Amino acid sequence: MSVVQLRTTYLQNLKRSLREQCGAGSVHLTEAIARGCGVRTHAALQAKIKSDGEGRFIRFDEAAFSQRLLELSGNSAPQTIEFPDLGHSARYIDALFDDPDLEVLELHMTRIRFRLNGITTVIEIHLEDMGNGYTRFIRSHAIHAPGQAGPYWPGRDFDDDPAYAMHRAIDSIVDYYKHAVRDGHRPSASWLVVSKYN
């Protein structure tokens, strides 16, 4: 399943792209897209965007989209759906959803909530504009996995590229987790240390 962004302009681009690929009518596509986004109707999708805040990234259920499109219009979706590009600022997003060691609970451009496989603790990271062209990342937790001398606090918690700042913040936890698991250690909530910077 591909990743889409619940943002008005992105969903309009998605609908335009699907109209060319599927040859279905506007209303049918609108309702089928809602189903692909995990809700029953377009009205429910609009309510979801309003409650979650515009811009959330989610997995798009292509099978649910195709089934609903067929029910409504009799048109079949193509075997492979072409999705609009999420853009350079979202270049790390697909990899997060594809990573078997992560469970993404909520993801926006400037914040994420996720769990590591085998650990129930929810980790939160958000970005903060420093006002000087740089973006700082703030993590709810640091990691102190087996093999580390102590919890890892990055020496540099900012970057001039927000997407890369988020990428670095996530990797500053996940890389140590993956290394410990590869060494045969069983994941434990004790590996996560509440951040002193909260």
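A: Let us begin with the polar contact, which is a pair of N or O atoms within 3.5 Å; within protein, one must be able to donate a hydrogen and the other to accept it, and residues adjacent in sequence count only if both atoms are side-chain atoms. In this predicted model, the side chain of Gln148 reaches the backbone oxygen of Ile143 at 3.0 Å. A polar atom of the Gln148 side chain also lies 2.7 Å from the backbone nitrogen of Ala145.

Q: On what basis are such values given?
A: This is a predicted model, in which local features need pLDDT of at least 70 and side-chain atom pairs count only at pLDDT 80 or more, whereas totals for chains, interfaces and linings use all residues. Residues are numbered from 1 along each chain as its sequence is written, and side-chain values use heavy atoms, with hydrogens and water left out.

Q: Where does Gln148 lie, and is Gln148 buried or exposed?
A: A residue is buried under 20% relative accessible area, exposed over 50%, and partly exposed in between (1.4 Å probe, protein chains only). Gln148 is placed in the loop between β7 (141–143) and β8 (158–159). Gln148 counts as buried because its relative accessibility is 13%. A contact, in turn, means heavy atoms within 4.5 Å. Leaving aside neighbours within four places in sequence, Gln148 is in contact with Ile143 and Tyr176.

Q: What does the side chain of Ser172 make a polar contact with?
A: The side chain of Ser172 has a polar contact of 2.8 Å with the side chain of Arg139. Ser172 belongs to helix α6 (residues 162–182), and counts as buried because its relative accessibility is 7%. Not counting residues up to four places away in sequence, Ser172 touches Arg139, Ile143, Tyr152 and Pro154.

Q: How many helices and strands does the chain have?
A: Helices (H or I, at least four residues) and strands (E, at least two) are DSSP runs, numbered from the N terminus. The chain has six helices and nine strands. Of its 198 residues, 41% count as buried. The C-alpha trace spans about 60 × 45 × 25 Å along its principal axes. Among contacts with a separation of 6 or more, 59% come from residues 24 or more positions apart.

Q: How is the packing of two helices described?
A: Two packed helices are described by the angle between their axes and the distance between the axes. Axes are lines fitted to C-alpha atoms, for helices over the stretch in contact, and angles run from 0 to 180 degrees between N-to-C directions. Angles under 35 degrees count as roughly parallel, over 145 as roughly antiparallel, 65 to 115 as roughly perpendicular and the rest as oblique. Helix α1 (residues 8–22) and helix α2 (residues 26–36) pack at about 120 degrees, with their axes 10 Å apart. Therefore α1 is oblique to α2. Leu11, Leu14, Lys15, Leu18 and Arg19 of α1 make the contact with Ser26, Leu29, Thr30 and Ile33 of α2.

Q: At what angle do α2 and α4 pack?
A: The angle between α2 and α4 is about 150 degrees, and their axes are 8 Å apart. Therefore α2 is roughly antiparallel to α4. In this pair, His28, Leu29, Glu31, Ala32, Ile33, Arg35 and Gly36 of α2 meet Ala64, Phe65, Arg68, Leu69, Leu72 and Ser73 of α4.

Q: Which residues of α2 are buried, and what covers them?
A: The buried residues in α2 are Leu29, Thr30, Ala32, Ile33, Ala34 and Gly36. Their cover includes α1, α3 (42–52), β2 (56–59) and α4 (62–73). Just after α2, Gly38 takes a positive phi of about 95 degrees.

Q: How far apart are Cys22 and Leu69, in sequence and in space?
A: Cys22 and Leu69 are 47 residues apart in sequence and 9.0 Å apart in space, C-alpha to C-alpha. Cys22 is found in helix α1, and counts as buried because its relative accessibility is 10%. Not counting residues up to four places away in sequence, Cys22 touches Phe65, Leu69, Asn75, Ala77 and Pro78.
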